[in-house]
Amino acid sequence: MRSRFSTIAIHAVLLGYTALALFPIILVVMNSMKMKRAIFLSPLTPPGPASFDLIGYHRVFSDGAIGTYYMNSIIVTLGTIFFTLLFGAMAGFALSEYKFRFNKLLGLYLSIGIMVPIRLGSVAIISLVSGMNMINTLSALICVYVAQNLPLAVFILSEFVHQIPKDLREAARCDGLSEYNIFFHIILPLLRPAMATVAVFTMIPVWNDLWFPLLLAPSGGKQTITLGVQQFLGQYVTDWNAVLAALSTAIIPVLIFYVLFSRQLIRGLTSGAVK
Amino acid sequence: MAQVSITSLQKSYGSVDVLKDINLEVEDGSFVVLVGPSGCGKSTLLRSIAGLEAVNGGAISIGGKRVNDLAPAKREIAMVFQSYALYPHMDVEKNMGFGLRFAGTPKQEVAARVAEAARILQLEALLKRRPRELSGGQRQRVAIGRAIVRKPQVFLFDEPLSNLDAALRVNTRVEIAKLHKLLGATIIYVTHDQVEAMTLADKIVVMNQGRIEQAGKPLDLYYRPANTFVANFIGSPAMNMVEIEVTGKNKARTLAGGELGVPLPARAKAGDRLTLGARPEHLTLGAPGKGLTGQLDLVERLGEVGYAHLDMAGGGRFIVEVRGDVKAKRGDKVGVVPDPAKLHLFDANGKACAS
């Protein structure tokens, strides 16, 4: 009985938290499908026959630039994930596999990046990026995001590399694989669950970030979707239908990525076992 | 197949010497077993031969070619690990063919060799399974198969049976012995289990504290141990040892005062201290006063034979093999009579005395 009570209590807490977390999202999605008047008069009611209107979506999709902004966001996010995972796993492998001087120190130095927020260096980053003529490029964003996410990725992945039995790498060495092939054919496949975790960690802040797109790629058709939405927010008139519709659609790609990665995550957990 | 020769091999981790002046010849096609207590350096020696550990001095040559500075793959060796070290994300077939694929072997050739190994090891039905779907014994066979397909000059086994249960261990041991006959391969095998060593080896190398104590045929080691360490290590239960003092020609007494007639080497003088060793099966229990004196502690009955554990006068314990009934009770004084022809004598340094 008691365990049943505690199960109910736990679920009540979790459901409460879920409701709290989902509330703003539901509000956005709900209102994106209403007429402008209805948004302001009764923001908390779901769209009914009288208030239902997809004008926001029409306006977003008829705006040619929005598609580009989506593409930009997707490129930046995927690019960041790719390089963060690649370099993170490489560094993690090197730090845990090879014993060299300053190995520990280097690991510590890399983990400082976890503690110091990269935004503190914004001014230096802007002058660096503009010095390299990379303002308004997606590569600049990817570089900065990779730098931002790499410390945690290295930290997590090197721990996971550590858990891969040493015998496996030595068996591969006896099999005649080069160190690069050991990394790509033995270590990377076994790191998949860990990499899915890191990918999820990396993806969401990058997708949602407004700060660096605003600083580094504010124009020239290189805006990301979070920044692109700003065009509907005017000083005098704000097109709320379009803003809400754009934000609602912006949820979808992240959701798809998440589903993809979390599948890996679960599959990874059930495989792997050695010996 | 090739011979392996190791000359004055040195290896240290920082200031700790783990291998000290190792000299070893492994003849072409022979089965050499490295045994010793844990930490004796036997695995390190094997890993040095494999090229997984760098050595600090000396030379390793395989098939007449010095391999000290070659990568493991270039040494034409194949290693079977204690943990099997199968790649968990590949099926059995891929696991076995993996090394060959990277060596640029043509696909048909890889497939043919994998099929051949699978046939020898009876793995044909399992080729599409992942390691996690296999039992311990099957994984072990896959690990051996992975070694076979590479057609190496030398097979290296690192305690391959220690993760198997007792029944499977006996089976696999027999299979490895058969495989050795079948392939005519040169095998270097590390174990701490002396039964594996005695049954499999053409030559046993007993190691202790980074040195080779003795190398030789299994029964030579059993009948003619070169020193007290080997005498103690080979044979189960271990050899009984007692310190004696020479009192005259072929006469000695134990430090507790028991008089003994033993065939002593000619150069033994009165007053010399020697260690006398006798295996449990070369001792018989007798009436008190005969031979050495001890007090019966317990008798272990194993069925066909039994082992009587004795507390000896003057300290130390003896184990005596007994067949049939033992009349003495716990705490009774008994005599222990050695078979003079089967005794071992060691000098003060623990080296066997030439008789």
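Modeller: Let us begin with pairing: two strands pair if DSSP finds at least two bridges between them. Please keep in mind that this is a predicted model.

Colleague: In what order do the six strands of the open sheet in chain B lie?

Modeller: The open sheet of chain B has the strand order 6-7-8-3-9-10, and its pairing is mixed. Strand 6 (77-80) and strand 10 (211-216) of chain B are the edge strands, each of which pairs on one side only. On average, and with direction ignored, neighbouring strands of this sheet are turned by 20 degrees against each other.

Colleague: In which sense do strand 3 and strand 9 of chain B pair?

Modeller: Strand 3 (residues 31-35) and strand 9 (residues 203-208) of chain B pair in the parallel sense, over four bridges, and B:Val33 stands opposite B:Ile204 of strand 9.

Colleague: And how should I read a pair of helices?

Modeller: Two packed helices are described by the angle between their axes and the distance between the axes. In chain B, the axes of helix 2 (residues 92-102) and helix 4 (residues 136-149) come within 8 Å and cross at roughly 30 degrees. Angles under 35 degrees count as roughly parallel, and helix 2 and helix 4 of chain B are therefore roughly parallel to each other. Their crossing is right-handed.

Colleague: Which residues make the contact?

Modeller: Helix 2 of chain B contributes B:Val92, B:Asn95, B:Met96, B:Gly97 and B:Leu100, while helix 4 of chain B contributes B:Val142, B:Gly145, B:Arg146 and B:Val149. By class, this contact has five nonpolar, three polar and one charged residues.

Note on methods. Residues numbered from 1 in each chain as written. Chains lettered and ligands numbered in written order. Predicted model: local features only at pLDDT ≥ 70, side-chain atom pairs only at ≥ 80, totals over all residues. Axes fitted to C-alpha atoms, helices over the stretch in contact; angles between N-to-C directions. Helix = DSSP H or I, 4+ residues; strand = E, 2+ residues; numbered from the N terminus. Parallel < 35°, antiparallel > 145°, perpendicular 65-115°, else oblique. Left-handed = near helix turned anticlockwise from the far one by under 90°. Contact = placed C-beta atoms within 7 Å. Nonpolar A, V, L, I, M, F, W, Y, C, P; charged D, E, K, R; others polar.
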